[in-house]
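Subject: Structure handover

Hello,

Here is the structure for you to look at. Please open it alongside this message and follow along.

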Amino acid sequence: MRMTETYPQTGTGSAPGSADVVLELQALQKSYGAAKILAGVDFQIRRGEFVCVVGPSGSGKTTLLKCMAGLLEPSGGQTVFEGAPVTEPPAKLAVVFQDYSRSLLPWMTVWANVELPMRNKFGKAERPARIESVLEAVGLAGKGSLYPWQMSGGMQQRAAIARGLAYQPDVLLMDEPFAAVDAQTRIELEDLVLRVRAEFDTTVVFVTHDIDEAVYLGDRVIVLSGAPTTVSRNLAVDLPAPRNQVRTKSLPEYARLRAEVFELIQSAKSHATIR
Ligand SMILES: Nc1ncnc2c1ncn2[C@@H]1O[C@H](COP(=O)(O)OP(=O)(O)OP(=O)(O)O)[C@@H](O)[C@H]1O
């Protein structure tokens, strides 16, 4: 597994070295009518990074992710993905949403759901091995014939992650993917996503409102201010890899980072425009 790297501890700047920047937000803005939600968000994601974006409720995390994914047109600024401005969903970028019950097609088996987005990218002959390998990676080996409604919430979210991975995206965007599952499943899925990220060498941008989750998972945590939103801090997470739910969370550095993010979110809440 790759080791964590060190980035500037403060500021709204980006990771050093722009050669391997895969995704860049340049003064991204989004308003809904008169309500300015994103007021100029800037950051860069380097290839191979696991970056968590955290911010108070209503700060525009989902809005930000949709703009990054080309699902929503920004009001100003832009997202640049692999050197090109994003104007529609890029083919090499996959999204896993919180609401797995709506993202999986209920009339298709898990196998067919995973295969669906692969059709335009991989020939028929190479799909089965790839599907089997991602189902195994997410703990669903042998479950391909089940329908989503025959599975628990945690299993459905595993299937949604498998679908994102099978497509072999350069970047996987995840929007609060574990918010709807129970605490035990959430812990399992956090570790699963770290494992598959290492196995498939995927760049991950993970949006969450959960401070512990952000610090535990991320190589870097980007903390958003309250709306109108900018980046309030771009924090390196210098915790050893591989992460471990008990050992990592017992480290003084984990507690320090958690406290820092907590303070920033509290401060963002108190300064946010009440809507
Ligand atoms: N399509 C829309 N039209 C109008 N306002 C919207 C729309 N989508 C989101 N908003 C508003 O924009 C703000 C940011 O919403 P968004 O869902 O992006 O925030 P969030 O940080 O993901 O929130 P949460 O953590 O509560 O899920 C909220 O005030 C929301 O009501």
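Predicted model: local features only at pLDDT ≥ 70, side-chain atom pairs only at ≥ 80, totals over all residues.

**The annotated domain**
An unreviewed UniProt entry places the feature "domain: ABC transporter" at residues 23-251.

Strands of a sheet pair through backbone hydrogen bonds, in either a parallel or an antiparallel sense. Here 6 strands form an open sheet with mixed pairing. Their order is S6-S7-S8-S3-S9-S10. Strand S6 (93-96) and strand S10 (231-236) stand at the edges. Each has a single partner strand, so one side of each has no neighbour in the sheet. On average, neighbouring strands are turned by 15° against each other, direction ignored.

Now take some of the pairs. Strand S7 (residues 171-175) and strand S8 (residues 203-208) run parallel, with 5 bridges. Leucine 173 has valine 205 in S8 as its bridge partner. S3 and S9 are also parallel, joined by 4 bridges. There, cysteine 52 is bridged to valine 221 in S9. S9 and S10 pair in the antiparallel sense over 5 bridges. They form a hairpin, with 6 residues between the strands. Valine 223 stands opposite arginine 233 in S10.

**Strand S9**
Is S9 buried or exposed? Of its 5 residues, 5 are buried, so the strand is largely enclosed by the rest of the structure. Side chains in a regular strand alternate between the two faces of the sheet. In S9, Arg220, Ile222 and Leu224 point one way. Val221 and Val223 point the other way.

Helix H9 (residues 252-271) lies across strand S3 (50-54), strand S9 (220-224) and S10. The helix runs at about 175° to S10.

**Around the ligand**
Which residues come nearest to the ligand? Of the 12 around it, they are Tyr32, Ser57, Lys61, Thr62 and Thr63. Helix H1 (residues 61-68) gives the largest share of this shell, 3 residues. By type, the shell has 2 nonpolar, 8 polar and 2 charged residues.

**Alanine 112**
Alanine 112 is in helix H3 (residues 110-115). It counts as partly exposed because it has 15 C-beta neighbours inside 10 Å. Threonine 202 is 90 residues from alanine 112 in sequence. In space, their C-alpha atoms are 22 Å apart.

Best wishes

Conventions:
Residues numbered from 1 in each chain as written. Near = placed C-beta within 6 Å. Helix = DSSP H or I, 4+ residues; strand = E, 2+ residues; numbered from the N terminus. Nonpolar A, V, L, I, M, F, W, Y, C, P; charged D, E, K, R; others polar. Buried ≥ 20, exposed ≤ 12 C-beta atoms within 10 Å, placed from the backbone. UniProt positions renumbered as here; feature names shortened; annotations may be inferred. Pairing = 2+ DSSP bridges. Axes fitted to C-alpha atoms, helices over the stretch in contact; angles between N-to-C directions. Contact = placed C-beta atoms within 7 Å.
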